[in-house]
Amino acid sequence: MRALLLLSILCVSFSSAQDTATPKVDAKTQLEDAKKLLKESAPGIYDLNGIQITAATRELRIPCSILHQKLPIEYALVHETGEKVHETILQTTVKPIQVQLALLLANYQPATKGILEKLDPKEERPYQDKDTEPTTPGANRLHIRCEWKEGDKVKNVPLSDFIQNIDERKTPPDLDTWIFNGSRIDEEGFVAEITGSIISTYVDRTAIINSPAKGNHRDDLWISMPANIPAEETKVTLIITPAK
């Protein structure tokens with residue numbers, strides 16, 4: 001798997017991203033522990049604690065379940081013990097550091113470019129640091145879909161079908177891509193591992209993936225779309241592929 005050759009580079013990237021203070025939980029150690037779980041389950045297909053990585057297509061399949069059908073949301077996916085389980089549609093037992101590693105192994109590149117492209121210049125930026133760009137243009141852009149069984153049928157829809165804009169009461173038309181920005185590393189360690197935040201609809205630089213939709217700076221804009229969401233506790237596979 002070509003991405004496996006990047007592992008030593010990834011360790012350096014995690015190390016260089018850390019603040020000068022020594023983290024209580026070293027992010028490099030967390031990454032190394034996650035790497036130990038990686039195994040080849042079939043030619044060109046890898047498993048990372050339940051995440052399936054297909055090398056040729058760069059597809060990731062992440063096991064999840066529906067936590068809430070109807071609620072105001074700031075997140076689409078969090079870890080089951082995360083701080084924001086009361087504001088999410090989906091939850092997973094997979095650790096955030098493992099999601100981040102799987103994305104890196106599939107040759108996605110973390111960068112914030114694109115998150116604020118719809119922000120009105122008159123609005124205050126949700127974060128002040130300068131946006132970063134992927135080495136390969138567009139390598140931080142993702143398509144995300146949800147797949148589950150409904151009787152004998154398999155349903156497969158964009159993740160955005162689960163989300164609506166509270167002002168317009170419809171799925172945001174500009175949420176056909178998501179941004180892999182990668183979570184921060186600070187004195188506490190890999191922040192997403194602490195907060196449990198994986199996919200955010202409201203701008204959150206500690207989450208691994210963010211929405212670039214217009215209005216993403218507002219924490220009161222997004223609610224779930226109950227009519228499109230299967231019953232709570234339904235097992236769902238989150239499918240990540242490259243955005244064109």
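Predicted model: local features only at pLDDT ≥ 70, side-chain atom pairs only at ≥ 80, totals over all residues.
Local features need pLDDT of at least 70, side-chain atom pairs count only at pLDDT 80 or more, and totals for chains, interfaces and linings use all residues. Residues are numbered from 1 along each chain as its sequence is written, and side-chain values use heavy atoms, with hydrogens and water left out.

Start with the core. A nonpolar core here is a set of buried Ala, Val, Leu, Ile, Met, Phe, Trp, Tyr and Cys residues joined through side-chain atoms within 4.5 Å. Buried means under 20% relative accessible area, exposed means over 50%, and partly exposed lies in between (1.4 Å probe, protein chains only). The largest core has 52 residues. Leu90, Leu103, Leu159, Phe162, Ile199 and Leu238 touch the most other members. Helix α3 (residues 96-105) gives this core its largest share, seven residues. Helices (H or I, at least four residues) and strands (E, at least two) are DSSP runs, numbered from the N terminus. A second, separate core holds six residues, including Ile115 and Val203.

Now look at Leu159. Contact means heavy atoms within 4.5 Å. Beyond its neighbours within four places in sequence, Leu159 is in contact with Ala76, Leu90, Ile144, Arg145, Cys146, Trp178, Ile199 and Leu238.

Strand β7 spans residues 141-150. Two strands pair if DSSP finds at least two bridges between them. β7 pairs with strand β8 (residues 153-158) in the antiparallel sense over six bridges. Two residues separate β7 and β8 in a hairpin. In its turn, Gly151 has a positive phi of about 70°. β7 also pairs with strand β16 (residues 235-242), again antiparallel and over six bridges. There Ile144 has Ile240 as its bridge partner. With strand β10 (residues 178-180), β7 forms an antiparallel pairing over two bridges. Arg141 is partnered by Ile179 in β10.

What about the cysteines? The structure holds zero disulfides, a disulfide being a pair of cysteine sulfur atoms within 2.5 Å. The sulfur of Cys64 has its closest cysteine sulfur in Cys146, 7.2 Å away, so the two are too far apart for a bond. Cys64 counts as buried because its relative accessibility is 6%. Cys146 is buried too, at 0% relative accessibility.

Which residues of helix α2 (residues 27-35) are buried? They are Ala27, Gln30, Leu31 and Ala34. Seen down the axis, they fall within an arc of 100°, so they line one face of α2. That arc is taken over the directions from the helix axis to the C-beta atoms.

Asn165 sits in strand β9 (residues 163-165) and is buried at 9% relative accessibility. Its C-alpha atom is 6.5 Å from that of Ile223, 58 residues apart along the chain. A polar contact is a pair of N or O atoms within 3.5 Å; within protein, one must be able to donate a hydrogen and the other to accept it, and residues adjacent in sequence count only if both atoms are side-chain atoms. A polar side-chain atom of Asn165 lies 2.7 Å from the backbone nitrogen of Asp167.

Asn210 belongs to strand β14 (residues 209-210). Its relative accessible area is 0%, so Asn210 is buried. A polar atom of the Asn210 side chain lies 2.8 Å from the backbone oxygen of Asp204. Asn210 also contacts Ile115 and Val203, among others, and both belong to the second core.
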